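Welcome! Have a look first, and then read on.

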Amino acid sequence: MVSKDKSAQLVTPARLAQAVTGDAWTLHILRHAFRGARRYSQWRELFTSEGMPIPEPVLSDRLSRLVSYQILERQPATPQGVHREYRLTDRGLELWTLLISIRDWEARYAKGRRGKTTSMILHTSCGHATHPVLICSHCGERVTARDTRLEMVAARSSALAAKLVNVPNTRRSNAVGRGGRSKFLQSQTLQIIGDRWSNMLLGALFLGKHGFDELRLFLAIPPAILSNRLAKFVTLGILRKESHDETPRRKFYRLTEKGLELFPIVIFTVDWGNRWLTAHPENFRILHTTCGATLRPSLNCSHCQEHLQRQTVQLIP
Ligand SMILES: [Zn+2]
Ligand SMILES: [Zn+2]
């Protein structure tokens, strides 16, 4: 169980991963990278084609950060090095489970900008549309938020961790994508995960933090920002307010079914952060209480039940 005191000071894998994924521009850059963007100009074209041109300083900044996090690696495209290329590293490629989980949640819960959507996730091995099912790699059973438990001890921060935790909050990220035509990473999703405080709040809710003050202390978040994000989550229908007291500070919040379905997104963020960004992954583990093993999350196809792999999954826009 999480210790109650000073939890926010712990360098948790979730906190590290959120430094990477809790930024809307970064998520879009990664999405384009998975679509094959390699060059600066390709990213600019993709952003522009979706109606949300990315400012050059923002693109440069995010690409360099992704290189420093070792998610992208920079390599010259020609022997002369005329065009620099950025490629996803193994660490970066693993983020496909996160992106797929986001896409699937959106397909089920976020309303498309143009009403009915024809987009889907195709499992090329069986040839059917799939809704990825979160599975425990150890026992092969389906996993939900309700049958997991977190165990954590204070993690020592690595050099990379220190760098990540000190990343300033990117306040302008909220503006991203609102006017875009992308069916992926819609405005609603970005309000939940593409903003660092919201992203951290979501993680805390899944850790079983429910009270206003409990959340405030755990996240070391300014009360006004916490109120704002909680109200937003309630409006988006992922959180329900349960008043046990008239005092605003004593209000309790519970994830709704729609909110609980964000679990794969949270679990892949935390698992990825734990394996790639922490110096001591053994200090942090999520137990699958049904089988007792440490949860290594993976995805199965909802149609053929086979294990989904990055190479056999295709997003149909
Ligand atoms: Zn299991
Ligand atoms: Zn399948």
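Helices (H or I, at least four residues) and strands (E, at least two) are DSSP runs, numbered from the N terminus. A residue is buried if 20 or more other C-beta atoms lie within 10 Å of its own, exposed if 12 or fewer, and partly exposed in between, with C-beta atoms placed from the backbone.

This is a predicted model, in which local features need pLDDT of at least 70, side-chain atom pairs count only at pLDDT 80 or more, and totals for chains, interfaces and linings use all residues. Residues are numbered from 1 along each chain as its sequence is written, while chains are lettered from A and ligands numbered from 1 in the order in which they are written.

- Arg-62, Arg-65 and Leu-66 are the buried residues of α4.
- They sit on the same side of α4, because they cover an arc of only 100 degrees around the axis (the arc is that of the directions from the helix axis to the C-beta atoms).
- Glu-56, Pro-57 and Ser-60 are exposed on the other side of α4.

**The length of α4**

- Helix α4 runs over residues 56–68, and its 13 residues should span 18 Å at 1.5 Å a residue, which agrees with the 18 Å between its end C-alpha atoms.
- The expected span of a helix is 1.5 Å times one less than its number of residues.

- After α4 comes Gln-70, with a positive phi near 60 degrees, although Gln-70 is not a glycine.
- Gln-70 has its place in the loop between α4 and β1, and is partly exposed because 14 other C-beta atoms lie within 10 Å.
- Ala-220 is not a glycine either, yet has a positive phi of about 50 degrees.
- The loop between α10 (212–219) and α11 (223–235) holds Ala-220, which counts as exposed because it has 11 C-beta neighbours inside 10 Å.

**Ser-243**

- You will find Ser-243 in the loop between β7 (239–242) and β8 (252–255).
- Ser-243 counts as exposed, because 10 C-beta neighbours lie inside 10 Å.
- From C-alpha to C-alpha, Ser-243 and Gly-211 are 9.9 Å apart in space and 32 residues apart in sequence.

**The chain as a whole**

- The chain has 13 helices and eleven strands.
- Of its 317 residues, 37% are buried.
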